[in-house]
Amino acid sequence: MSVGSFAVTPAEAVSPKRLAIAGLVLGALAWVVTIPPIGVRTIVPSIVLAALGAVAGAWSITGGERKLGIEAIIVSVIAVCGAVASVKSGHSTLESVFTWSALVAATLRYATPLLFAALGGVISESSGVINIGLEGMMLMGCFWGIYGADLLHSWVWGVVVGMISGGLLAAVHAFFSIHLRANQIVSGFGINFLALGITGYFLEYHYGPNGTPLNISMVPNVKIPGIQHVGFVGVAFGDANLLTWVGLALVPGLTFFLFRTKWGLRLRSVGEKPRAADTVGLPVMGIRYAAVIVSGMFAALGGAYLSVGFVGSFSNDMTNGRGFIALAAMIFGKWKPWGALWACLLFGFGNAMSDRVSSVNPTLGTLFEALPYVLTLVAVAGVIGRSRPPASDGLPYVRE
Amino acid sequence: VSLLEDELETEAEESPGAATRSPAALTAFRRGASGVTVPILTTVIAFIAGGLIVLATGHNPFSTYTSIFNGTGLNWLFPWVSGAERATAAGNLQQTLIQATALLLVGLAVAFAFRAGMFNIGGQGQYTVGGIIAVWVGSSFAGMPPVLHVTFAIVAAGLAGAVWAGIAGVLKAVTGANEVISTIMLNWIAIWLGVYCFQLGGPLQNPHMASTPVSSTVLPGARLPVIWGSSTLQGLDAGIFISLALAVVFGLLINRTRLGYESRTVGFNPEAARYAGINAGRTWIKVMLICGAFAGVAAALDILGWKFSLFTNDIQVSQIGFYGIAVALLGRNTAGGTVAAAVLFGALLTGTSDRNISLSIDPTLVQYLTFMIEGIIILLVSTDVITLRLLKGGRRIGVAIRRRPSDKGGASEDGAK
């Protein structure tokens with residue numbers, strides 16, 4: 001028990017888990033110190049920090065904390081690469097990439113559509129229905145949102161029509177997976193193909209080769225009077241889209257609903273133990289139907305944000321895999337609204353960063369596009385390996 | 001599958017004719033028949049539904065489907081088609097088979113995972129990584145003997161795909177990471193890796209075409225020989241034989257080897273497999289390695305057979321991973337079924353492509369019609385109940401017609417319960 005000797009196991013000094021987390025933090029810091037506002041211009045401190053992080057990781061592995069330990073090492077390695085890149089690039093380049101206020105604003109913009117879809121996924125999967133069809137439901141909201149806004153000359157109607165279309169497609173998924181007890185993953189895939197076909201077909205049918213009209217009524221940005229011109233906060237939050245705020249407000253709202261209300265409890269009980277829920281008289285099928293349809297409407301709202309809120313037009317396959325990213329964000333976030341929010345912000349930040357980096361160095365920007373996915377992969381392997389989905393997620397319920 | 005058997009079981013019990021034959025024999029017969037009938041009926045329903053959409057939007061479904069069919073080149077099989085029409089049909093059929101070559105292998109990559117109880121959404125990424133390696137090997141190593149060069153490129157691409165899928169397998173086995181998520185992430189990483197390699201200024205971009213984001217072109221010695229049609233007009237290459245041979249390998253692997261047995265056992269019940277002394281984790285890794293190899297080889301056959309180079313745009317818009325899932329599902333994860341489904345999807349893709357000039361309506365509309373048909377097929381595949389009910393209803397009507405009307409026995413009362 002000679003404290004200080006290298007032979008001492010971490011368990012005697014500090015718990016391996018804490019050590020691994022310290023390693024993670026140290027590793028991440030290795031990169032953070034080289035970017036503004038700290039902006040260290042030599043690589044030495046980063047190497048020291050990353051080495052410490054890696055050692056902490058390795059040490060925690062000997063103490064039995066394998067996953068987090070490996071993760072700390074991986075993060076340290078990635079961070080050193082990042083640190084080398086930032087030290088080598090010019091000071092002005094760094095300043096233009098890491099304009100934090102603009103980065104925050106862009107992160108919110110990219111995270112909003114993901115957030116809606118991920119929250120939809122939380123609702124659906126809490127009730128026990130896997131929803132791989134989020135992508136297709138988003139795409140429906142995307143196209144029919146534009147269609148509604150164009151036809152009825154108001155973004156309000158666009159959002160409403162978009163949400164209805166997503167809800168209708170979700171109802172198909174609900175019918176197959178709840179009523180017909182289909183394989184829910186397969187059914188969700190069918191939904192995605194169907195949405196791709198429907199939106200593409202009707203885009204061509206209604207608008208032809210010229211695409212959607214230019215003067216679409218769009219969801220306005222919220223200009224907050226007090227802070228709009230107040231430096232960092234003003235740029236970051238002063239001019240965000242209305243739907244971004246709606247999405248952010250939905251996170252605590254949904255958390256409250258799921259964990260503090262009667263119907264939230266019922267929804268979760270149907271996802272965990274449908275037999276027990278049925279025994280106490282809850283309409284299992286009905287609750288699941290409602291959850292899936294609402295999840296489709298949420299996803300469609302995310303899609304509508306893309307088209308009616310952000311771009312102002314629709315192009316084929318516009319969601320481009322965002323529904324799957326949202327799905328990953330939901331799992332990354334451990335099937336909880338707050339977790340989903342953080343995961344969506346991570347993905348949004350990755351997109352925002354790669355945008356910024358691309359403007360300076362297109363080649364490097366491409367690699368940054370892949371960064372959120374790499375991080376998610378690392379996280380899926382480590383942190384959330386321990387989390388678990390709702391107990392009856394994906395299992396059809398058969399009433400006896 | 002169990003649901004399907006339930007339906008058939010109940011049907012065997014309810015069926016009035018069942019008493020005359022042994023119920024087990026009857027069930028076995030019907031199960032065998034439904035293995036073929038259900039997918040075919042599923043496809044037919046999907047086409048009818050698609051036809052209704054065409055009709056609803058003011059086009060003629062019959063002429064649309066006729067021109068799609070002619071676009072697939074399958075009319076080449078009719079002896080009465082001759083002359084210029086026959087030449088066009090031959091060209092189209094070659095395209096259909098070219099598409100089917102890769103679809104089959106990606107389908108097998110998904111099917112093998114399904115048999116082991118895993119969902120491999122990563123076909124796209126495995127295909128992309130295989131393509132990157134195939135085009136790199138194929139365009140480098142000038143002077144290598146042709147047969148060796150082709151083999152080297154195919155094997156390297158297969159290995160690359162195997163490694164890519166293996167990551168997901170290892171993560172699942174070691175940390176319990178859900179393969180659905182990890183393969184989706186690996187897809188995106190592979191896509192951005194490919195874009196990085198071939199974009200302007202990327203490490204593998206064609207040095208002779210500085211302003212085009214494209215890889216170097218595969219050397220003539222590394223190309224697969226064309227076996228049917230013109231070698232300049234993208235005739236059918238020898239890759240289809242490799243693809244079909246691998247389908248046979250797949251069938252043998254699943255049904256005749258220890259690994260196949262272990263995979264199926266793990267897929268059926270990992271817990272029971274553990275009691276039987278099968279290491280589920282190791283099986284998952286092996287299965288993913290094989291899946292990835294299939295998808296990697298698919299990319300190599302595309303690159304060495306007819307693409308010869310890889311544009312960043314090709315990488316970003318490719319949907320082959322998702323088609324592969326549809327192919328595997330419709331083919332019920334068997335070798336023969338996957339071959340048939342791959343030809344069907346290859347035909348759909350060719351018949352609705354822009355180059356099909358005989359189309360009576362806007363080709364873009366038809367392309368999206370295809371997506372809808374595929375969506376409906378996959379939805380119906382996700383549950384056999386609808387198709388089975390229809391099948392059952394049809395049989396009951398048949399029974400009712402054959403029997404005297406006075407005969408009691410509930411021929412169709414509960415046919416639509």
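Modeller: Residues are numbered from 1 along each chain as its sequence is written, and chains are lettered from A in the order in which they are written. Because the model is predicted, local features need pLDDT of at least 70 and side-chain atom pairs count only at pLDDT 80 or more, whereas totals for chains, interfaces and linings use all residues, and side-chain values use heavy atoms, with hydrogens and water left out.

Colleague: How do you know which residues belong to the contact of chain A and chain B, and how many are there?

Modeller: Contact means heavy atoms within 4.5 Å, and the contact takes 48 residues from chain A and 49 residues from chain B. Phe193(A), Tyr201(A) and Leu377(A) supply 18% of the area that chain A buries against chain B, more than any other three residues. Buried area here is the accessible area (1.4 Å probe) that two parts lose on being put together, summed over both, and for chain A and chain B this comes to about 4300 Å², 81% of it on carbon and sulfur atoms.

Colleague: What makes up the side of chain A that touches chain B, in elements and in residue classes?

Modeller: Helices are DSSP runs of H or I with at least four residues, and strands are E runs of at least two, numbered from the N terminus. The elements that give two or more residues to this side of chain A are H4 (66-88), H8 (155-179), H9 (184-207), H15 (322-332) and H17 (362-381), and the largest share, 16 residues, comes from H9(A). The residues of this side divide into 30 nonpolar, 12 polar and 6 charged, where Ala, Val, Leu, Ile, Met, Phe, Trp, Tyr, Cys and Pro count as nonpolar, Asp, Glu, Lys and Arg as charged, and the others, Gly among them, as polar.

Colleague: Why is the pair Glu262(B) and Arg258(B) called a salt bridge?

Modeller: Their side chains meet at 3.1 Å, N to O, which is set against a limit of 4 Å, so the pair qualifies. Glu262(B) and Arg258(B) are 4 residues apart in helix H9 (residues 258-268) of chain B, and therefore separated by about one helical turn.

Colleague: What makes Glu262(B) buried or exposed, and what of Arg258(B)?

Modeller: Buried means under 20% relative accessible area, exposed over 50%, and partly exposed in between (1.4 Å probe, protein chains only). Glu262(B), at 11%, therefore counts as buried, while Arg258(B), at 65%, counts as exposed.

Colleague: How do you know that Glu271(B) and Arg274(B) are paired, and how are they classed?

Modeller: Their closest N and O atoms are 3.0 Å apart, so the pair meets the 4 Å rule. Glu271(B), at 42% relative accessibility, falls in the partly exposed class, whereas Arg274(B), at 51%, counts as exposed.

Colleague: Why is Asp317(A) called partly exposed, and which residues does Asp317(A) touch?

Modeller: Asp317(A) has 26% relative accessibility, and so counts as partly exposed. Not counting residues up to four places away in sequence, Asp317(A) touches Glu135(A), Leu139(A), Leu196(A) and Gln319(B).
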